[in-house]
Amino acid sequence: MADIHSSTRKLLAMKNGLKPLKTAVVHPVDDYSLRGAIDSAKEGLIDPVLVGPREKIEALAKQEKIDISPYTIIATEHSHEAAEVAVQMARDGKVEALMKGKLHTDELMEAVVDKEKGLRTGRRMSHVFIIDVPNYPKPLFLTDAALNIRPTLMEKKDIVQNAIDLFSILGFGTPKVAILAAVETVSELMPCTLEAAALCKMAERGQISGGILDGPLAFDNAVSKESADIKGIKSEVAGDADILVVPDIESGNMLYKESRFLTGSDGAGIVLGAKVPIILTSRAGDSESRKASSALALVYTRNREKLDIKP
């Protein structure tokens, strides 16, 4: 049985000796987001710049007895302006990462994906969760459960590559990637099964690199060798997946929240494919998940620099 906090502890251990990430914390006007940022700073994970309405941030800090005196506040009138200012700071190289505070993901990402003022690269942006769940012997990378609503085949190509790159840059080796669907056979009635098969062929042809892909695979076949054997599936990935690629945001979001709230699993998550990593947790995410996500962003960024890999 997996230790449901092992990934968090491993990420926190990997940060030793690494310079904290200069991070714009966007609109931290509730206890979860402000405390999570400050707790991450105390762990040596980030050097936060608080971007949002000064009076609200200071009043909240006083109310919750959070010491923010060591940190800079960049005053804005509202959350929309906070997102724009934080993104501009990242464009200008003044910060190395963004952290979402108390605002909707869409509001933050609207500024991030702006074609003229945003943080676009040549890669589609996507979100990756790392979760530890009971009854599975290793962490699972889950993508994309937070950003892309109904991705196309070529968008899924980037989603898969982002997750593989994260796995590799963290130093975990070559991942086994399961492309999920409701069934393990290809059916024209289920377009996601056709896309899964196409993604696997793209990996064979070098359009996706660095991972071992198989799909379509139903969830049980991806994580249970017994289920895969019963179905007669012969695969390096089946029953031993490292990365789960979901068909759309609805299935991914439900899968993540089911694992978190029904099993008590721990998780960390960031957005990849932008010029800087974006620490993106639920608005109700607790301080521990924010610290784990900050550690993930820090290790990913510093390892990427060491390997001289550009965003």
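Biologist: Which strand is joined to S5 by 7 bridges, and do the two run parallel or antiparallel?

Modeller: That would be strand S10 (residues 266–272), which runs antiparallel to S5. Before going on, a word on the source: this is a predicted model, where local features need pLDDT of at least 70 and side-chain atom pairs count only at pLDDT 80 or more, while totals for chains, interfaces and linings use all residues. Residues are numbered from 1 along each chain as its sequence is written, and side-chain values use heavy atoms, with hydrogens and water left out.

Back to the strand. Strands here are DSSP runs of E with at least two residues, helices are runs of H or I with at least four, and both are numbered from the N terminus. Two strands pair if DSSP finds at least two bridges between them.

Now for the cover. Buried means under 20% relative accessible area, exposed over 50%, and partly exposed in between (1.4 Å probe, protein chains only). In S5 (residues 126–132), 7 of the 7 residues are buried, so the strand is largely enclosed by the rest of the structure. Ser126, Val128, Ile130 and Asp132 point one way, with His127, Phe129 and Ile131 pointing the other way.

The loops on either side of S5 bring in some charges. A salt bridge is a side-chain nitrogen of Lys or Arg within 4 Å of a carboxyl oxygen of Asp or Glu. Arg123 forms one with Asp165, the closest N and O atoms being 3.2 Å apart. This pair links distant parts of the chain: Arg123 is in the loop between H5 and S5, Asp165 is in helix H6 (residues 153–169), and they are 42 residues apart. Asp165 counts as partly exposed at 26% relative accessibility, and Arg123 as partly exposed at 29%.

Past the other end, Lys138 and Asp242 meet in a salt bridge (2.9 Å, N to O). Lys138 lies in the loop between S5 and S6 and Asp242 in the loop between helix H9 (225–230) and strand S9 (243–245), so the pair ties together parts that are 104 residues apart in sequence. Asp242 is buried, with a relative accessible area of 8%. Both residues belong to a network of salt bridges that links Lys138, Lys176, Asp240 and Asp242.
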